[in-house]
Amino acid sequence: MQHAVITAVSAIALTLWIIVDHQLWERGAHLPARHHPFYPYNLVTLVTIALAVVVLGTVLFATLVAVSFLLLDASVLRKFIGRQVGVGDYLFLAWFITAIAMIGGAFGTGLEGDEQVSDAAYGRRQRERQRMLRQMSRPERGGRGGPDTTDE
């Protein structure tokens with residue numbers, strides 16, 4: 001039970017970290033009135049990032065289980081834990097490394113630029129919509145008319 005709670009908390013924390021750190025949560029104040037309600041976009045973002053975290057965490061766990069059985073000899077592991085080694089020990093080790101890797105992944109996403117994370121999280125149409133909304137919300141610069149295309 002304790003392992004399940006730690007796993008769930010780490011997945012939730014990683015999901016929230018990615019969304020908050022890379023400003024993927026849309027605020028109503030930043031959108032033109034015709035684009036309200038904005039909540040479906042936020043819900044889809046939350047589900048997309050959460051599913052990615054869960055799927056990648058599961059793949060990492062499965063990979064670590066396979067690698068631990070292939071590379072870690074039971075006699076070596078027995079020396080460290082001081083008793084007979086069972087399947088549960090390999091599973092615990094893989095789970096522990098996965099949990100630590102998810103924390104490292106959270107910090108690692110902080111090193112990525114917001115644009116790269118947005119490109120990974122959203123499809124082409126959503127990225128185009130966000131760029132259009134950013135351009136529409138910018139005040140006119142220097143009396144110029146028309147859309148600002150400086151970030152394309």
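Before you click anything, here is the rule for aromatic partners: rings of Phe, Tyr and Trp (its six-membered ring) pair if their centres lie within 6.5 Å, and planes under 30 degrees apart count as stacked, over 60 as edge-to-face and the rest as tilted. Residues are numbered from 1 along each chain as its sequence is written. You're looking at a predicted model, where local features need pLDDT of at least 70, side-chain atom pairs count only at pLDDT 80 or more, and totals for chains, interfaces and linings use all residues, while side-chain values use heavy atoms, with hydrogens and water left out.

**Stop 1: the aromatic rings**

Select Phe92, Trp95 and Phe96, which form one aromatic cluster. Within it, Trp95 and Phe96 make a tilted pair, 6.5 Å centre to centre with 50 degrees between the planes. Are these two buried or exposed? Trp95 is buried at 15%, whereas Phe96 is partly exposed at 41%.

The whole structure has 4 aromatic pairs. Now pick another of them, Phe69 and Tyr90: this one is stacked, with 4.5 Å between centres and 25 degrees between planes. Phe69 sits in helix H2 (residues 39-71) and Tyr90 in helix H4 (residues 87-111), so the pair ties together parts that are 21 residues apart in sequence. Phe69 is partly exposed, at 40% relative accessibility, but Tyr90 is buried at 7%.

**Stop 2: the whole chain**

Zoom out and switch to cartoon. Helices (H or I, at least four residues) and strands (E, at least two) are DSSP runs, numbered from the N terminus. The chain has 6 helices and 0 strands. Of its 152 residues, 27% are buried.

**Stop 3: helix H1**

Select residues 2-21, which make up H1. The helix has 20 residues and reaches 28 Å from its first C-alpha to its last, close to the 28 Å expected at 1.5 Å a residue (the expected span is 1.5 Å times one less than the number of residues). Colour Ser10, Ala11, Leu14, Thr15, Ile18 and Ile19, the buried residues of H1. Look down the axis of H1: its buried residues fall within an arc of 160 degrees, so they line one face of the helix. That arc is taken from the directions from the helix axis to the C-beta atoms. An α-helix has 3.6 residues a turn, so residues three or four places apart point the same way. Turned away from the buried side of H1 are the exposed residues Gln2, Ile12 and Val20. Following H1 is Gln23, with a positive phi near 50 degrees.

**Stop 4: a nonpolar patch**

Show the surface and select Ile12, Leu16, Trp25, Leu43, Leu46, Val47 and Leu51, a nonpolar surface patch with about 640 Å² of accessible area together. Patches are made of residues with over 30% relative accessible area and no salt bridge, with nonpolar side chains (Val, Leu, Ile, Met, Phe, Trp, Tyr) joined within 5 Å and like charges within 9 Å. The areas come from the Shrake-Rupley method with a 1.4 Å probe, and for residues only the protein chains shown count as cover. Which helix gives the most to the patch? H2 does, with 4 residues.

**Stop 5: a salt bridge**

A salt bridge is a side-chain nitrogen of Lys or Arg within 4 Å of a carboxyl oxygen of Asp or Glu. The whole structure has 1. Select Arg83 and Asp89: their closest N and O atoms are 2.8 Å apart. Arg83 is partly exposed at 46%, and Asp89 is buried at 16%.

Methods:
Buried means under 20% relative accessible area, exposed over 50%, partly exposed in between (1.4 Å probe, protein chains only).
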